[in-house]
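Reader: I'm new to this one. Can you walk me through it?

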Amino acid sequence: SVAEKYANDTLELAKVMGLPKVPDRIEGYDISNIFGQQAVGSLVVFRDGEADKNQYRKFKIKLEKDTSDRKKGDVWMLEEMLERRFNNDWPLPDLIIIDGGKAQLNAASRVLKKRKLDIAVIGISKGEGLRSAKAPDKLFFPGQSTPLELSLASPALHLIKRVRDEAHRFAITYHRNLRSKDFLA
């Protein structure tokens, strides 16, 4: 069944990451904006490997910093979103998946360290200049300089990509809705 497959994916993910237990609650994060304008963030939740849409959250980024440098801007926006997320008493995740590379992973790690939270976190990004389905995804782990590339057949990678893609879809949808409202106004 699909539920069994997802349970196996989470088990494989725990093995690949060396987690002490199979993650029950996985949170995925992404940022969406156009040159820092109408910036939003998304939080998606997967329980037992399946999307739990009742737990999804949207964030309007309130950032006051200069976001003209896109990479720095995305990092600051992610930090703001995570700070706001952890100001709430929502259930804590067992694993956080960030759509982004080393800089975004470091931002998430800073927020977790500042709040004294011991939560596993990884970043996932496409290879440079590649945007096809066959582009090798790179997994970034705190404290490691070299990213990991899993086989496209890896169940762990399938789960990570599902979380990342859902966070991306949710952020883009929210961003487009805000742009449409502004356009109509």
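Predicted model: local features only at pLDDT ≥ 70, side-chain atom pairs only at ≥ 80, totals over all residues.

Reader: Where is glutamate 83 found?

Author: In helix 2, which covers residues 70-85.

Reader: Is glutamate 83 buried or exposed?

Author: Buried. The cut-off for that is under 20% relative accessible area, and glutamate 83 has 16%.

Reader: Which side chain does glutamate 83 join in a polar contact?

Author: That of arginine 115. The polar contact between the two side chains is 2.8 Å.

Reader: And lysine 114? What separates its C-alpha atom from that of glutamate 83?

Author: The two C-alpha atoms are separated by 9.6 Å. Along the chain, glutamate 83 and lysine 114 are 31 residues apart.

Reader: Switching to helix 3. How many residues does it have?

Author: Helix 3 has 13 residues. From its first C-alpha to its last it reaches 18 Å, close to the 18 Å expected at 1.5 Å a residue.

Reader: Which residues of helix 3 are buried?

Author: Gln104, Leu105, Ala107, Ala108, Val111 and Leu112. Looking down the axis of helix 3, these buried residues fall within an arc of 160°, so they line one face of the helix.

Reader: What's exposed on the other side of helix 3?

Author: Lys113 and Lys114 are exposed there.

Reader: What follows helix 3?

Author: Lysine 116, with a positive phi near 55°. Lysine 116 is a residue other than glycine. It is found in the loop between helix 3 (102-114) and strand 6 (120-126).

Reader: How accessible is lysine 116?

Author: Lysine 116 has 75% relative accessibility, so it counts as exposed.

Reader: What about aspartate 48? What is its phi?

Author: Positive, about 55°, although aspartate 48 is not a glycine. This residue is found in the loop between strand 2 (37-47) and strand 3 (50-51). Aspartate 48 is partly exposed, with a relative accessible area of 48%.

Reader: New topic. How many salt bridges does the structure hold?

Author: There are 16 salt bridges. One of them pairs lysine 21 with aspartate 94, with the closest N and O atoms 3.2 Å apart. That pair links distant parts of the chain, 73 residues apart.

Reader: Where do lysine 21 and aspartate 94 sit?

Author: Both are in loops. Lysine 21 is in the loop between helix 1 (2-17) and strand 1 (25-34). Aspartate 94 is in the loop between helix 2 and strand 5 (95-99). At a relative accessible area of 23%, aspartate 94 is partly exposed.

Reader: What does aspartate 24 meet in a salt bridge?

Author: Arginine 47. The N to O distance is 2.6 Å. Aspartate 24 lies in the loop between helix 1 and strand 1 and arginine 47 in strand 2, so the pair ties together parts that are 23 residues apart in sequence.

Reader: How accessible is each, aspartate 24 and arginine 47?

Author: Aspartate 24 counts as partly exposed, at 24% relative accessibility. Arginine 47 is partly exposed too, with a relative accessible area of 35%.

Reader: What forms a salt bridge with glutamate 166?

Author: Arginine 169, with the closest N and O atoms 2.8 Å apart. Both residues lie in helix 4 (residues 155-184). They are three residues apart, about one turn of the helix.

Reader: Glutamate 166: buried or exposed?

Author: Buried, at 12% relative accessibility.

Reader: Which residues are linked in a network of salt bridges?

Author: Lys126, Asp137, Lys161, Arg164 and Asp165. Take aspartate 137, which lies in strand 7 (residues 137-140). Its relative accessibility is 2%, so it counts as buried.

Reader: Which side chains make polar contacts with aspartate 137?

Author: Lysine 161 is one, with a polar contact of 3.2 Å between the side chains. The side chain of arginine 164 makes another, at 3.1 Å.

Reader: What else is aspartate 137 in contact with?

Author: Leaving aside neighbours within four places in sequence, its contacts include Ile124, Ser125, Lys126, Leu148, Glu149 and Leu157.

Note on methods: Residues numbered from 1 in each chain as written. Heavy atoms only, no water. Helix = DSSP H or I, 4+ residues; strand = E, 2+ residues; numbered from the N terminus. Buried < 20%, exposed > 50% of the residue type's maximum accessible area, 1.4 Å probe, protein only. Polar contact = N/O pair within 3.5 Å; in protein donor to acceptor, adjacent residues only side chain to side chain. Expected span 1.5 Å × (residues − 1). Arc of directions from axis to C-beta. Salt bridge = Lys/Arg side-chain N within 4 Å of Asp/Glu carboxyl O. Contact = heavy atoms within 4.5 Å.
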